[in-house]
Amino acid sequence: MKYGPILGAGAMFSLACSWAALVMAPQIQLGSLAPAALPNSTEIYPPARPGLAAQGAEVYRSLGCAQCHTRAVRQTQALYGVRLNELGGPASLVPGGADGKPLNLDLLLALAAVRHDLAIAPVPLPPALAGDTNVAPKFGLFETNRAILLRNDVKSGITRPSSGPTVNELAAKLPATILEKVSVEEGERGVKFLSDAGAKAELTFYNFGPDLDRGWGARRTVAQDYVNDSPVLLGGVRVGPDLAGLGTRAPEKFAAPWKYASTNTAAEFEQHLLVHLYNPRLLAKESICPSAGYLFDKQKPEVRFAGEPLAVPGKDTPVFPKHEARALVAYLLTQRADVGVADAPVPAVAKAPAPKTAGTNAPAKP
Amino acid sequence: MSQNKSKPAPQNADAEPTMAAGGGSAWPFVLLGVVLFGCFLHVENSGGAFRADVYQVGVKVPPPMPNEPEEVKLYKAGAQLYAACAGCHQPSGLGSDALNFPPLAGSEWVTREKPDRLIRIILDAIEGPITVKGKTYDNAAMTPFRGALNESQIAAIATYIRGNKDWGNSAGHVTPAQVKAVMEATSKSAGTKWRATSLETVP
Amino acid sequence: MTTAQPSSQTACATAPSAAQVEASCRLPVLFLAFSGAAWLCAGAVLALLASVQLYNPAFMEGCPWVTYGRLRPAAVNALAYGFALQSSFALALWLIARLGRVELSAPLGLTIAAKFWNVAVTVGVFGILAGDATGFDLLEFPLYAALPLFASYACLAAWALVTLHQRTERELYVSLWFVVAALLWFPWTLSTAQGLLLGWRPTGVVQAIVAGWFGQNLLQLVLTGSALAVLFYFVPKTVNRPLANPGLARAGFWLLLLIGGWGGLAQLAAVPAWIPAVSGAANFLVIVPVLALLVSLWQTAEGKIAESWKENATFRFLLVAAILLLGVTLRTAFLGGASMQFTFFAAARTDIVLLGVFGLAALGALHHIVPRLTTGDDELPSSGLADLAFWAAVLGMLGVGVGFSLAGFGQGAVNASASKDFLKDGVTGIAGNLKLVTAGYAALTVAALAFLANFGLAVRRCCANCCGGAR
């Protein structure tokens, strides 16, 4: 090769290829992400950090916490379920259930179609309604359909227990978990069957993974979680535990578990983090986190930075956290990985209450 | 130049390396083809079709439930569009007694069970004396919105003013279909402003 | 003078002699080489101190300037910008001058630009220790250091390319392909990344993608490319044969350029699945050009490897660097996925490429270049120190590479199962391996000091030789 410019052109072309694929394409896909309303709510996610927490993000960057801590939760699997919430509207309900509650007869048939492991008990026509020409035929129809269903079971080779738990019992106590930890196709099919019968059913989610088992979050972190972070500070090595869900982590899920000693959980959580900053080895002897004692003062600070002194275990005199320490703790308290977003839903039951603003947070009790 | 005595002198210390003539093998390209095929398979299996919302293949996130019930969507849209009315009826919905702008907050014309009168007022405006909350207003200045806003927008505004809890209104929402029905029913009298008397014939 | 070369019919008449070429290179290349080696020493010391804190947190605690979170990025960036890039400039300038048979244009200007580079790196390292790091791997220098850095690079590269343009030997040898590619690649990727991360910043995880893309390009193309340039120059020269299969080298070169920039993002978190999938596939695909290039070298040296190992200090460094190149490529391809995500195993790739593949190649080349530019010999004055540098560097690389990898396996096990206790298995359990890393960095410091001592001896001898003569 004699010509340098050919080399240069070739180099530029090659660079442009990788740039287009790995810088431009992700920017096109993810660059317009912004804080957005959560599905079915007016809450904006991710919420803007209050000022103290925003300053804390700068302290986090400056001290290089991202060299040891990641802020990304991983997930290995997601499964689905079906939850029955309501029996349905007036069009689907008939009177005649136990305790005067209404029944949805079509729903019972749909449940039987979805749950092959449950029996379907006959529903007798209450004598009081025998004369009601609107209602009585529905019971007859139900009995006919039930018989057809049981005959079809034989044809399809489904062995349904003739005694034991029944779909009638399942539908009696709402909300009821109809299906658990199934594939998305089965879940959607279940929801469709139940909705076609007039009932209100919803798809639920189960997230699995070692990080989630550790209590580090309720779901994987996705791009939406980081739109307010600049620099993003994802972290690369887990020298220390992951911090993505720290703000709502239960004390027993910490790497060095602890327990609340009082009912003032928000203040205790904050104090725990401050003591960790002061000297991590007071809370976990094997911890290799460097102590940030320089973020604490021995004497009272100026009035404008005044705050509660920190009682450090093993020390007689309290120390006074500096502004940076409080800011860093406020930032850590805003870390959560349990809000369900469109790309990463969470089980509804696990949703923690929204953290209180202005630097304190009420962590969820499991 | 001095030489390192303990080792034999290199033969051509000043010479540059040269390239043998010719040369070239096909095997890198064959290997490239094979590995590239494997790469395509891998990306097809675990790449999630290059979608921005797939973070793990096999985890199918069901399509998002419709975000909000229609009434909420209409309300929110109406809150934005109400700016067209706020000039006279005020952002507070209280209107102005001095300037003869009737209030919408707590107005019985707004919060009737059926929204037909309200839709007609928005479509073709109203003039002449009208009693709202015990006071009489007489203003010919209201602009009709029949051409200016489509049925969804009018439905949104109507939903907003009927259901604005801050104003004390909690009447039901208005659908675009209802607005469209009224638009068609009153198409013959389009352009003629309503009066309180003519509106009273509307259920 | 030059012996007969088949490709330089017209060059012989007007080409400067090798001695003249080297005379013009002397100031900038020696300055860059010395500063590079000094930064290797400083960076290795910083990395050593940081690695001690990984199992002994009380070490140097209480001072925010030397907390691990600042010390480690300072070390890595010092090694990357202070040692690696400076050495690669030194090698680039020398290779352009020698292979192009042309005197370096503006040697004084190059030296001044190199001085500014050093000032910028020093300011940057202190800036990181002061807490102004940007938070992006390998791009941690704050803006006030990054801009002068880029400016001095622009001067260095401009003069290098001018020299290249003025070359008398028009045929570009393989090494020059890599050199030109690296000289162009670095500012293009650096300006893109710095512009996107320090200037107009994209939202969220795209920043991590850009930073990862830059890191990959720096390691795989700029630094590995410089190492390959050195390999392709010294291997044929040492075994005294022409390069065996230039077509293979050409194929390898272009494939490396096309594929090399695509990898490196296979372990990125919180990004859509296609990015790790594409990047992981590229990590595999890059094995092909690396193999092609290494086979071309092997075919050149076949049969004479043992002999050259015994005789030539430079060759030893280069052989180990080539083995490490193959090793790190295979390692990243096979273990660069989710199992080793967020572990030291993944983080070690930077060290292995920076210090192993490039570091050993550069040290080897400098063991030849420095004596040529000072005393005129082919070897540094003290072969004992050269051997010490070699063995210390190899042991250092082994310590760092093996230590981090074993620690990474431990962390990977913790990451894979919630039943493993984080503190017991993930922190205390890997402390032993991290001590190996400290030993590795200590050995690397010794290697750097040995080279610097040898350098000093060579300069002293050179000054003694021409004492009283004007230069």
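How many helices and strands does chain A have? I looked this up first in the model, which is predicted. I found nine helices and seven strands in chain A.

**Entry: overall dimensions.** I compared the radius of gyration of chain A with the globule rule. A compact globule of 366 residues would come near 21 Å, but chain A has 29 Å. Along the principal axes, I noted that the C-alpha atoms of chain A fill a box of roughly 85 × 75 × 35 Å.

**Entry: burial and contacts.** I noted that 41% of the 366 residues of chain A count as buried. I then turned to contacts in chain A between residues at least 6 apart in sequence; 74% of these join residues at least 24 apart.

**Entry: a sheet in chain A.** I traced an open sheet of three strands in chain A, ordered E4-E3-E5 with antiparallel pairing. Strand E4 (176-182) and strand E5 (200-208) of chain A are the edge strands, each pairing on one side only.

I next examined one strand pair. Strand E3 (residues 77-86) of chain A runs antiparallel to E4(A), and four bridges join them. I located the bridge partner of A:Leu84 in E4(A), namely A:Ala176.

**Entry: contact between chains.** Which chains supply the residues of the contact, and how many from each? I found 15 residues from chain A and twelve residues from chain B. I sorted the chain B side that touches chain A into seven nonpolar, two polar and three charged residues.

How values were computed: Residues numbered from 1 in each chain as written. Chains lettered and ligands numbered in written order. Predicted model: local features only at pLDDT ≥ 70, side-chain atom pairs only at ≥ 80, totals over all residues. Helix = DSSP H or I, 4+ residues; strand = E, 2+ residues; numbered from the N terminus. Rg over C-alpha atoms; globule rule 2.2 N^0.38 Å. Buried ≥ 20, exposed ≤ 12 C-beta atoms within 10 Å, placed from the backbone. Contact = placed C-beta atoms within 7 Å. Nonpolar A, V, L, I, M, F, W, Y, C, P; charged D, E, K, R; others polar. Pairing = 2+ DSSP bridges.
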